[in-house]
Amino acid sequence: YEIYETVYHYKLGNGKIRLEADLPSSVIQESLRLNHDSPVLKMECTTRLEDETPLYFVECYYIGEKYFFSAILPERIKWNLGLQQLTGLQGKQISP
């Protein structure tokens, strides 16, 4: 994002990532060499500028049986502070 902001001077707005399990179309099945009943994980990513103009859109498919998700989560205290700031719940008890 730094390049978009510093080189191209775009004012970035929000982004959205959507993941869903799906049965692929025949085109996707052929491209990924899948059986007709093999599920895939479909991901759509969109990033918009501050004025809601779309900057980019990506749609991709992952083979269901070969996909895994991994994340490193921050320490609980840092996570709670971040959540409080995002939701405006300062001073209230938050459970993960």
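Trainee: What is the relative accessible area of Leu19?

Mentor: Keep in mind that this is a predicted model. Leu19 sits in strand β1, which spans residues 12-22. The residue counts as partly exposed, and its relative accessible area is 43%.

Trainee: Which residues make the nonpolar surface patch?

Mentor: A residue needs over 30% relative accessible area to join a patch. Leu19, at 43%, is partly exposed. The patch covers about 520 Å², and its members are Ile17, Leu19, Tyr62, Tyr67 and Phe69.

Trainee: Which residues form the negative surface patch?

Mentor: Start with Glu2, which is placed in helix α1, residues 2-6. Glu2 has 60% relative accessibility and counts as exposed. The negative patch consists of Glu2, Glu5, Glu50, Asp51 and Glu52.

Trainee: How many disulfides does a search of the whole structure find?

Mentor: A disulfide requires two cysteine sulfur atoms within 2.5 Å. For Cys45, the closest cysteine sulfur is that of Cys60, 6.1 Å away, so the two are too far apart for a bond. The number of disulfides found is 0.

Trainee: Is Cys60 buried or exposed?

Mentor: The cut-off for buried is under 20% relative accessible area. Cys45 falls in that class at 13%. Cys60 has a relative accessible area of 18%, and therefore counts as buried.

Trainee: With which residue does Arg18 form a salt bridge?

Mentor: Arg18 has 42% relative accessibility and counts as partly exposed. The closest N and O atoms of the pair are 3.4 Å apart, and the partner is Glu20.

Trainee: How many residues apart in sequence are the parts that Glu59 and Lys42 tie together?

Mentor: The side chains of Glu59 and Lys42 meet in a salt bridge, at 3.9 Å from N to O. Glu59 belongs to strand β3 (residues 54-63) and Lys42 to strand β2 (residues 40-49), so the bridge ties together parts whose separation in sequence is 17 residues.

Trainee: Which residues do salt bridges with shared partners join into one network?

Mentor: Lys42 is buried, with 14% relative accessible area, while Glu59 is partly exposed at 40%. Lys42 pairs with Glu59, and Lys42 also forms a salt bridge with Glu44, with the closest N and O atoms 3.3 Å apart. The network is made up of Lys42, Glu44 and Glu59.

Trainee: How many salt bridges does the structure hold?

Mentor: One of them joins Arg18 and Glu20. Others are Lys42 with Glu44 and Glu59 with Lys42. The total is 3.

Note on methods. Residues are numbered from 1 along each chain as its sequence is written. This is a predicted model: local features need pLDDT of at least 70, side-chain atom pairs count only at pLDDT 80 or more; totals for chains, interfaces and linings use all residues. Side-chain values use heavy atoms; hydrogens and water are left out. Patches are made of residues with over 30% relative accessible area and no salt bridge: like charges are joined within 9 Å, nonpolar side chains (Val, Leu, Ile, Met, Phe, Trp, Tyr) within 5 Å. Accessible areas come from the Shrake-Rupley method with a 1.4 Å probe; for residues, only the protein chains shown count as cover. A salt bridge is a side-chain nitrogen of Lys or Arg within 4 Å of a carboxyl oxygen of Asp or Glu. Helices (H or I, at least four residues) and strands (E, at least two) are DSSP runs, numbered from the N terminus. Buried means under 20% relative accessible area, exposed over 50%, partly exposed in between (1.4 Å probe, protein chains only). Lys and Arg count as positive and Asp and Glu as negative; His and the chain ends are not counted. The place of a charge is taken as NZ of Lys, CZ of Arg, CG of Asp or CD of Glu.
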